[in-house]
Amino acid sequence: MLTTRAVTHRRVWTLAGPMILANLSTPLLGMVDTAVVGHLNSPIHLGAVALGTMLFTFLFWGFGFLRMVTTGLTSQASTQDNRHATRAVLVQSGMLALVIAVLLLVLQSPIGWFAFQLMDGSAEVLSAAHNYYQIRIWSAPATLVNYAILGWLIGMGASRSALVVVLVINITNIVFDLILVNQFGMKSDGVAFASVMAEYIGLIFAIGLLSKRQLALKEIKLKRELRRLVENRKELNLHGNFMLRTFCLIFSFAFFTNQGAQQGDVALAANMVLLNFITFMAFVLDGFANATEVMSGNAIGLSDKTMLKQSLILNGFWSFFVACLFSMVYYVFGNQIIALLTSIDVVANTASEYRFWVVLAPLIGVWSYLFDGLFVGATLGREMRNTMLIATFACYLPAWYLLQDFDNHGLWAALMVLLAARGVSQSFYLPKILNQTNT
């Protein structure tokens, strides 16, 4: 249980800080993956890992709703001091994760065929990437169940425990990377095996952590919880709506990448460099979104309007403050950061030309991250889905169409419209969310 639910600056950082560190460990893992195969005697394996990692980023990110829904439901249930209710959320989310994972394994051949039809690369790179895919797909059960466990830990306010689980997975992955590739002479397949083993070791560790939190596995009746999951249409609908929202987000960035590619290799490369600015910002701001999820879910579970307002104000303050820091750093040191990401002069110069947009992005996008956390804590899946549909199809795509004459500047402007539209459309639901509380 949560030891305190006081709405304070310290509480915000107690929840957000560990999750920011956990989020930042993910790109570090990607750098190690790149480094271990980047020193092999052929670029084929670097390309294979790049394509394979991209595929699983989209594939597993699409099921990130398992984490979000679990966090929202758990944060609300935890306020009732009902151990059975919070345990039921975890078990049912874990079972849903396993069902999805089994479907991914059963359908791995058609999924792989479709995915590789969309990829470009030499025959050697595609072959190695397909081998990577066939190995790493077996991590699906552990990866998706870990999503559910992380969501439960965050919802219970145990951000430090969630951080430890993420670090165990990523550090184990790095160790196996080095052993399998450097010591056993494996190549991109070694990186895939490392990811699979790390996820299962992380799952075993997470289950042990749950046992220490007095979550007795012997008390869990799987048949009963499965029946309740099937009968609980509201929870299934919640998962479905969050999934649609996530797929819209994936589509938006895939569309951005594809349109950049149509403007030439240099524009595409420059956009990919600048998207690293967006990604890094997202990793940090997501930490405050996680804090908002927990604190708003607690407030709604307690039906405490004052607590809900205070949690939104404090998380909003820190989110905006950090967003301003990002904009300042990107404005002052943007060119130096670009130079760290690419040594190709024409790409660096082109990225610098469009750097203005990533300076604006934190200030425009911060509200969508904050409100995402609020919607998750309030478990407003349908509303979150609707705002994403509006932002994508009524704002982003029309903006891109109208701004095509401005080439890549128009594309970046359309992306800013997407970020702004998400925050603005979500803000209209604030009265409804506040009305879920009484005092």
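Start by selecting Leu103, which sits in helix α4 (residues 83-106); helices here are DSSP runs of H or I with at least four residues, numbered from the N terminus. You are looking at a predicted model, in which local features need pLDDT of at least 70, side-chain atom pairs count only at pLDDT 80 or more, and totals for chains, interfaces and linings use all residues. Residues are numbered from 1 along each chain as its sequence is written, and side-chain values use heavy atoms, leaving out hydrogens and water.

Leu103 is partly exposed, with a relative accessible area of 48% (buried means under 20%, exposed over 50%, partly exposed in between, with a 1.4 Å probe and protein chains only).

Next, select helix α12 (residues 265-302) and helix α17 (residues 407-427). Their axes come within 13 Å and cross at roughly 25°; axes are lines fitted to C-alpha atoms over the stretch in contact, with angles from 0 to 180 degrees between N-to-C directions. The two helices are therefore roughly parallel, the word for angles under 35 degrees.

Finish with two backbone spots. Ser303, in the loop between α12 and α13 (305-341), has a positive phi of about 55° although it is not a glycine. Ser303 is buried, at 19% relative accessible area. Asp407 in helix α17 also has a positive phi of about 55°.

Methods
Parallel < 35°, antiparallel > 145°, perpendicular 65-115°, else oblique.
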